[in-house]
Amino acid sequence: MKVSEHYERATEPLISFEIIPPKRGGSVKSVFESLDLITEKVRPPFIDVTYHAAESQVEEKPDGTLKRVVRRKRPGTIGLCAAILHRYDIDPVPHLICEGFTKEESEDALIELNYLGIHNVLAIRGDDTGTQVKMHTNGTSNKYAIDLVKQVQSMNSGKYLEDLVNAQKTNFCVGVAGYPEKHFEAPNLDWDIQRLKEKVDAGADYVVTQMFFDNSVYFNFVEKCRKNGINVPIVPGLKILRNEKHLKSLPRYFHLNIPDELTEEVDANPGRVEEIGIEWSQKQSLELMEYGAPGIHYYVMGSPHPALKVIDFLQKK
C-alpha cells in the first residue's frame, strides 16, 4: 500500500520508523533483530530505509603508492527493503538521493523497486559530506529533490529517459523532506517553504520533517505550509537524545536548535542523558498527537530501544 493511502485510511496517528543499512561487510542480523523488536511492540505501516551515495577515499597500496577508491559505505538499501516487505509484510520506503547518482542509476533503482512490488520512495537531495562522488561531468544527475520527484512522476506516466515503445507506467508514491527550522542553505523559512511547495506541486504525496526538539517550530512550519497551499500530510520526525555528544553533533550536522531547557537538564544530570531524552520525546510525541499530527516518524537508525520506550508510554495514555 502507498504511504499516502495509509494516512488517508488512518483513524489515529501512525507510528513509523527510519533505519539504516549495515556497513559494507556487516551483518544484516542486527537489523532484523531491531525489526523483530519493533514489530513485536507495534505494527508500523511503513519503515524507511536510508540510501547512501558513493564516497571517494584515498588508500595506500602495498608498494606505497596511493589510489582513489570509490565505494558505497552502506549498500543494500533495495535488498533490505525487499526483505522488510516479504519477511514482515510491512511497506518499505527506500530513500532515493540525488547526490552521487546519475539519472540512469535512479531509473534502474526505480525499475528494480517496481519489479519487487515496492511502490513508495522518499526523494531527497542528500547532504554533501565532502567525500561523495560528484556526477557533474555528463550532466545526467538530478541536482535537487524536485528533479528527482519529476523523474519519478515521469515514470509514473510511462516516460523513461529513453523513448521506449510500450513503456509501462510505474505507480510510486513519493515523499519529500521538510525543514521546520529551514534548510541550512535557505535564506529564510518562507523561501524554503516555497521550494517545498514546488516539490508538492511536482507530485510529492507527503512530507516528513527533519528532526526537531521544539514542537513550536513544527506547529509554525505546518501553519505556514497550509497558508502557502501545501495540503499533503506533514509528518513530524523525531530523534531521541541519547548522549551528551548529541548536544553538539546534532546541531552541527542537522542544523537544528536544541532548547535551553533540555540542554540544562542534561548538563545537570550527565548520567541520565538517555532517560532525559526519552522523557523529552514522550512529552513531544504526546503533544504532537494532541495537536493532530498525522503520525510520528522516529529516526531510530540502529537502536530502536529508546523509541520503543516512548511508544510504550504513548500506548498507556
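Visitor: How many aromatic pairs does a search of the whole structure find?

Guide: Nine, from a search of the whole structure. A pair here means rings of Phe, Tyr or Trp (its six-membered ring) with centres within 6.5 Å; planes under 30 degrees apart are stacked, over 60 edge-to-face, and the rest tilted. Bear in mind that this is a predicted model, where local features need pLDDT of at least 70, side-chain atom pairs count only at pLDDT 80 or more, and totals for chains, interfaces and linings use all residues. Residues are numbered from 1 along each chain as its sequence is written, and side-chain values use heavy atoms, with hydrogens and water left out.

Visitor: Why is the pair of Y7 and Y206 called tilted?

Guide: The ring centres are 6.4 Å apart, and the planes sit at 45°, so tilted is the label. Y7 belongs to helix 1 (residues 3–9) and Y206 to strand 8 (residues 206–211), so the pair ties together parts 199 residues apart in sequence. Helices (H or I, at least four residues) and strands (E, at least two) are DSSP runs, numbered from the N terminus. Y7 and Y206 are both buried, meaning under 20% relative accessible area, with exposed over 50% and partly exposed in between (1.4 Å probe, protein chains only).

Visitor: What angle and distance does the pair of F32 and Y88 have?

Guide: 45° between the planes and 6.4 Å centre to centre, another tilted case. F32 in helix 2 (residues 29–41) and Y88 in helix 3 (residues 77–88) are 56 residues apart, and both F32 and Y88 are buried.

Visitor: What makes R87 count as lying over the face of F32?

Guide: R87 is 4.0 Å from the ring centre of F32 and lies over its face. The rule wants NZ of Lys or CZ of Arg within 6 Å of the ring centre and within 35 degrees of the ring normal. R195 lies over the face of W191 too, at 4.5 Å from the ring centre.

Visitor: Why is strand 7 said to be largely enclosed?

Guide: Six of the six residues of strand 7 (residues 173–178) are buried, so the rest of the structure largely encloses it. C173, G175 and A177 point one way, while V174, V176 and G178 point the other.

Visitor: How do you know that strand 7 pairs with strand 6 and strand 8?

Guide: Pairing takes at least two DSSP bridges between two strands. Strand 6 (residues 120–124) and strand 7 have four, in the parallel sense, with G175 as the bridge partner of L122. Strand 7 and strand 8 also pair in the parallel sense over four bridges, and G178 has T209 as its partner.

Visitor: Why is I111 called partly exposed?

Guide: Its relative accessibility is 22%, so I111 counts as partly exposed. I111 sits in helix 4 (residues 103–116) and touches M155 and Y160, leaving aside residues up to four places away in sequence. Contact means heavy atoms within 4.5 Å.

Visitor: Which parts do the buried residues of helix 11 pack against?

Guide: Strand 1 (14–19), helix 2, helix 10 (273–291) and strand 10 (295–301). The buried residues of helix 11 (residues 305–315) include P306, L308 and I311.
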